[in-house]
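Here is a short briefing on one protein model. Look at the chain first, then read the points below.

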Amino acid sequence: MATRAIRGNIVLPTEILEDGVVLIEGNKIRFVGSPDHIGEDVQVLNLFGHFICPGFIDIHVHGASGADYMDGDTAAVRKVNAAHARHGTTSIYPTTTTGSFSELDAMIKACESVQETWTVADGARIQGVHFYGPYFAADKVGVHAAEGRRDPARDEYEYFLSRPIVRIATCAAELPGANEFYQYAHARGCLVTCGHSNACWSELDAAFHEGVRHVDHFWCAMSSVSSLRKRFGDPMQASMEQFVLQNEEMSTEVIADGIHLSDDLLRFAYEMIGPRRTCLVTDANRAMDAPPGEYVFGPAGSGTVVFSDGMSVRGADGGLASSMHGMDVMVRTMAKAVGRNLHSVIRMATLTPAELVGIDGEFGSIAVGKKADIVVLDRSLEVCVVIIDGEFYFSKNNADLKGF
Ligand SMILES: [Zn+2]
């Protein structure tokens, strides 16, 4: 089997190895270290000064290129996966919105079909589905269609969560039946998460004991001390925010597009929650890599109308409607906000999500034996080259690297 090599600054989970080399054999990484180990017959892609990173892993993402996973057909799923791969995402977790039983069913079936027939030409590989909507709190439904929201119903979630492709499961902790949902999702081995929720400390603590270990997009559509004051009056109550900050076993994610959260909040998440339990997610919708204008958030037939100005997407009330940027933007924004430790910022888009969903044995870092999913970033952290499963997928200027 031909061995190929990429030479540059290798981004490892704990440091950056300057002028190192990654040897690839087939679809696997065979060596990481000094360029002295490059044999004479090895094809070398020299990318001095560039950052050789693991492929990004996005555990919360809805769409791109005009398509939403909730459109429920394989063409839409492939369109989204291809767009995100051009932004460096090589492992993806298509994420449901609120919607009807049949819309959720069509979405999951389309993802199953694309996963089964996946080739590198399809772009990011589906590692699992994030069953996110429809079990949101009515007062935290955000831009999701309110008609598609409901409390957890056992028959329904057992049907969906028993599908092997579902690997992440969200429910708001204060809903009736939430704890039974969490028990079931936990028993199925899902990353169990609380989101679109106005839960107080004791509700999240009860959820934690049923298996919840994660909350969706920190600070967005989640409880705060002030939102709980509206629910409970005095005295003020501790929120999901305090619970995650104090509990080392809890993880979360941030939408680091520079629009949802200020640099100060991003830096706070990095310093106070830390890169080992904070993921970067895109939460991107169909307006990503699509012209400004009107779009539907969620299922094409029943979602809510949102407006893209080319940088952000908002609902009719002016509220932010998830993001429209790829993971490369999240990495650049977070790197600028943190201002140091690029390897730790990259970890938030790679090894941290891989560990949370349990795919770190094969994905999430540049290490011997792992799959050769690699993203090369230039000095300004723009995506230059994407390699998926050992094969060249994308290069910035359409450079032909097929035989590298
Ligand atoms: Zn979302």
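Domain bounds here come from an automatic or database domain assignment. The protein is divided into domain 1 (3-54 + 364-395) and domain 2 (56-357). This is a predicted model: local features need pLDDT of at least 70, side-chain atom pairs count only at pLDDT 80 or more, and totals for chains, interfaces and linings use all residues. Residues are numbered from 1 along each chain as its sequence is written.

**Between the domains**
- The C-alpha centres of domain 1 and domain 2 lie 29 Å apart.
- Their contact takes 21 residues from domain 1 and 22 residues from domain 2. Two residues are in contact if their C-beta atoms, placed from the backbone, lie within 7 Å.

**The nonpolar core**
- A nonpolar core is a set of buried Ala, Val, Leu, Ile, Met, Phe, Trp, Tyr and Cys residues joined through C-beta atoms within 7 Å. Buried means that 20 or more other C-beta atoms lie within 10 Å of the residue's own, with C-beta atoms placed from the backbone.
- The largest nonpolar core has 127 residues. Among those with the most contacts inside it are V22, C194 and M334.
- This core draws at least three residues from each of domain 1 and domain 2.
- C194 touches C171, A172, A173, A199, L204, A207, V212, V215 and M240, not counting residues up to four places away in sequence.

Definitions and conventions:
Buried ≥ 20, exposed ≤ 12 C-beta atoms within 10 Å, placed from the backbone.
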